[in-house]
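Please take a look at this structure with me. We will work through it by question and answer.

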Amino acid sequence: MIDLDRLTYTYPHAARPALTSVSLHIDPGQTVLLTGRSGSGKSTLLGTINGLVPHYYGGRFSGRAKIAGCDTRTHRPYELSGIVGTAFQEPATRFVTRSIMDELAFGLEAEGLSGDEIGRRVRATIERLDLGPLVHRPLEQLSGGEQQRVAVAAALVREPRVLVLDEPTSQLDADGARSIFDWLRDLWRENRLTTLISEHRLARMLPEADRVAALGPGGTLDAWGAPGDVLPKLAYGPPLIQAERRLGLPTGLSRESRERLRSALLIIDRPAPGVSSGDRRLTCRGVSFSYPAGFALGEISFDVRQGEALAVLGGNGSGKTTLLRCLMGLLAHQGEIEVDGRAIHSLPVAGRARAVAYLPQSPSAFLFAETVREELLTTLRYHGLPPSAEYLPDPMLEAFSLTPLADRYPRDLSAGERQRTALAAVLIARPGVVLLDEPTLGMDPLSQSDLARRIRGWKRAGLAVVVATHDVEFAAAITDRAIVLQAGHRVADGATGEVLFGRPGLQTTLQQLTGRPWPACVDDLNPDVGGANADD
Amino acid sequence: MLNPVTWMVWAGSAGCVALLARNPFYLLLVAAAGAAVRWRAAGQPPSAGTLRLFLGLMAFPTLLNFVFSRAGQTVIFEFPLRWIGGPYTLEALLFGAIAGLQLASLLQVMMTFSLLLTPTDLLRRIPAGLTPAGITASIAMNFAPQARRSFEAVRESQQVRGHSPRGFRDLRDIVTPLVILSLESAMTVGEGLATRGWGAEGPRGRQRVAAWAGAGLFALGVVTWWLAPSLVWIAAGVAAAGTALLLAVLTRGGTRSRYRPETWKRADTLIVGASLGVLTMAVVLIAIAPALLTYEPYPRAVWPSFSWPVGLGVALLCLPAVVMGHD
């Protein structure tokens, strides 16, 4: 179904190829998981399947890509669109209409189907993906996760033979991701749909993957084969493989491997839980907020102490982002929020930004300076702080491993590098509280480990950290406590491992394997992880 | 729900009147019609922000013309200085203000148009061979909401870094990100359209020759009209033949269909009839009695004239606000 033959592609004005001599043969009905670090060429490879590479972007293209017998050199994206359905990252920027019905019907109209047939397929898709409650809302008013569901639905509604999904569940909560994969599983079974999925959360996708393709630096195909053969060779992997490595067990994905790991985990003694005794840095008392369109948050209260990290969990649209925006003083909320004993709304804009660092979901609205170094200087300029011994950009660049990128244009960097740049830009003013909204979105597993290591370093330095996330593995790895929001209300509060274990939809891979709250994550097996660079 | 063609005809007519008329009374009527239709459609009166935008749009050309134009006989003040001494005239002020009013009324019409029509309504009517035009139209229709979201995101991200932009000095901090985000948005919208099957190969072989012939005939008609205005009917015929040939080639082979068939109601007929009537009136007036539709403050400003029949004609553009919801 998909034949790539020595495919090499270089973007216009780029010095190095994004893909280098990639050869692959994918049979009809196979599901292929595409993995690799940020910037390794995964999205570019997906772009060659739907024809955007090279027709839309230009650049130098050599080798050959044949999709269902169509050579992408002679078939343009609109000609391939009947064969290949595509769902991108950040779908909101690619919607071409303003309503769900129009968005689903758009590709079918382009295909020239009859009105009755379009109506039948649209209705079936809405029912299958449970989009009914959203149908009457404009696309721009949907949450990120809801928009992602619509994008996947729009790719599937044409019943393509090949499906290309670029991180299709990155913004989805566990239930949303499950409904997408349930549907995909039906399609795979019924229609022998050939699928390429780029996904950083390997555990979600592995049970469905027939093959794994791992891209390395420069877009080379480093590994290709069955998941059980490829994953043990990678420097990263799903939690089960990481746990096996941590315990020194042979790595594998077979039933025997899982059983061996389970037995090993069950005999480990749980250490006594640590109690944070630092001063309160962030206090939230009875915080409520409503948008003009309706209620968002009700009576939320908690404290975060020095050196403590709190996870804010909950499904799409549960109020996590709204809570973080209230904590940053961006919304006129009811209730009290204090940072180091001072009410957040009593502080001027610059004062808030020096007390609290906030990184929103997508840092793309942050980065407009000419270079990475200039981004850091921009923050200092906003604060009226001249670069001094306390506020020098170079140590901050070093701490975030950005020194080699200091003179690069930030918007050309990979997702992980962009996020490190944005983090350095908000942390250079040395705030005492850090708020992170879905920090692992679009981040490869190694970059996630790197971020987790930095957060542990901040905790040791006495900062208070609040992380809103769908990523339960990440929450378990770095936070001490968790609250769960549901429809704007707090429905659970406690130690992270216990909270996750208490809600079946939120259990981590290790919790599901052992049926116990501890160990919740790989890092529970070695609490000193990341210590070498903990002072970042 | 009125037919999209109705809104295209209404917006086209109102936009043409705003461009042709330079009489402040008729321009105000066009702006009021646009605002009334938008108010009725959105269910909300114009916001203070919109009014500020229009005042800013009017103030800029007013000040620009007042400061740089030296024409006009009614001197307001003058300084004994070279270059910047003046004279500053009432006529220059009025001329600039009318240009600003023209811009504001045109913008009001376009804002109403983009509220009432979706990019899909426009894309469905663009011939399959005009992919770039479709992408451009889609980006243009999405520009205002996208720019608003980008502006809010940029402003918030600057607050997060301790910055509250104020005044002209900080304009660059807002404008640069908006330009970058708009360009990125244009790229991604194009990606979305291409991968969803929107697009087609341009004409080839004989069809390409026919397309060029159509474009050539259209150009010939325009040039003939320009060089020999007395041959207007011949020029119009040639241009129309060229347009028809071009459209026939570009729409050939299109396979697009409609999900929800659009209906045509009596209200559509009423609005299209009224809009075309207003457009015809404006074109005829500009051709035979331009003074009835325009206002020229130079060389000495006088009070602009107002013709009740013309005013009532332009006021017909308010018709959608009356018949919407009764269709």
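What follows is a dialogue on a predicted model.

Student: What is the radius of gyration of chain A, and what does a compact globule lead us to expect?
Tutor: Chain A has 536 residues, and its C-alpha atoms fill a box of roughly 65 × 55 × 45 Å along the principal axes. For 536 residues, a compact globule would have a radius of gyration near 24 Å. Chain A agrees with that, at 24 Å.

Student: How many helices and strands are in chain A?
Tutor: Helices and strands are both present in chain A. The count is 20 helices and 20 strands.

Student: Among contacts in chain A between residues at least 6 apart in sequence, what percentage join residues at least 24 apart?
Tutor: Start with burial: 53% of the 536 residues of chain A count as buried. Now take the contacts between residues at least 6 apart in sequence. The share joining residues at least 24 apart is 68%.

Student: Which element gives the largest share of the side of chain A that touches chain B?
Tutor: In this interface, 46 residues of chain A are in contact with 38 residues of chain B. Elements giving two or more residues to the chain A side include helix H4 (100-111), helix H5 (115-128) and helix H16 (415-427) of chain A. The largest share is eight residues, and it comes from H4(A).

Student: By class, how many residues on that side of chain A are nonpolar, polar and charged?
Tutor: The side in question is the one that touches chain B.

Student: Which helices give two or more residues to the side of domain 1 of chain A that touches domain 2 of chain A?
Tutor: Here 19 residues of domain 1 of chain A are in contact with 17 residues of domain 2 of chain A. The domain 1 side divides into three nonpolar, 10 polar and six charged residues. The elements giving two or more of them are helix H6 (144-156) and helix H7 (174-191) of chain A.

Student: Is strand E13 (residues 309-314) of chain A enclosed or open?
Tutor: Side chains in a regular strand alternate between the two faces of the sheet. One side of E13(A) has A:Ala309, A:Ala311 and A:Leu313, the other A:Leu310, A:Val312 and A:Gly314, and all are buried. Six of the six residues are buried, so E13(A) is largely enclosed.

Student: Is A:Gly442 buried or exposed?
Tutor: A:Gly442 lies in the loop between strand E17 (433-437) and helix H17 (445-460) of chain A. Among the residues it touches are A:Gln89, A:Glu167 and A:Ala415. Because 21 other C-beta atoms lie within 10 Å, A:Gly442 is buried.

Student: In E12(A), which residue is the bridge partner of A:Leu282?
Tutor: Four strands form an open antiparallel sheet in the order E12-E11-E14-E15 of chain A. Strand E12 (294-305) is one of the edge strands. Eight bridges join strand E11 (residues 280-291) of chain A to E12(A). The bridge partner of A:Leu282 in E12(A) is A:Val304.

Definitions and conventions: Residues are numbered from 1 along each chain as its sequence is written. Chains are lettered from A and ligands numbered from 1 in the order in which they are written. This is a predicted model: local features need pLDDT of at least 70, side-chain atom pairs count only at pLDDT 80 or more; totals for chains, interfaces and linings use all residues. The radius of gyration is taken over C-alpha atoms; the globule rule is 2.2 Å times the number of residues to the power 0.38. A residue is buried if 20 or more other C-beta atoms lie within 10 Å of its own, exposed if 12 or fewer, and partly exposed in between; C-beta atoms are placed from the backbone. Two residues are in contact if their C-beta atoms, placed from the backbone, lie within 7 Å. Ala, Val, Leu, Ile, Met, Phe, Trp, Tyr, Cys and Pro count as nonpolar, Asp, Glu, Lys and Arg as charged, and the others, Gly among them, as polar. Two strands pair if DSSP finds at least two bridges between them. Lists of a residue's contacts leave out its neighbours within four places in sequence.
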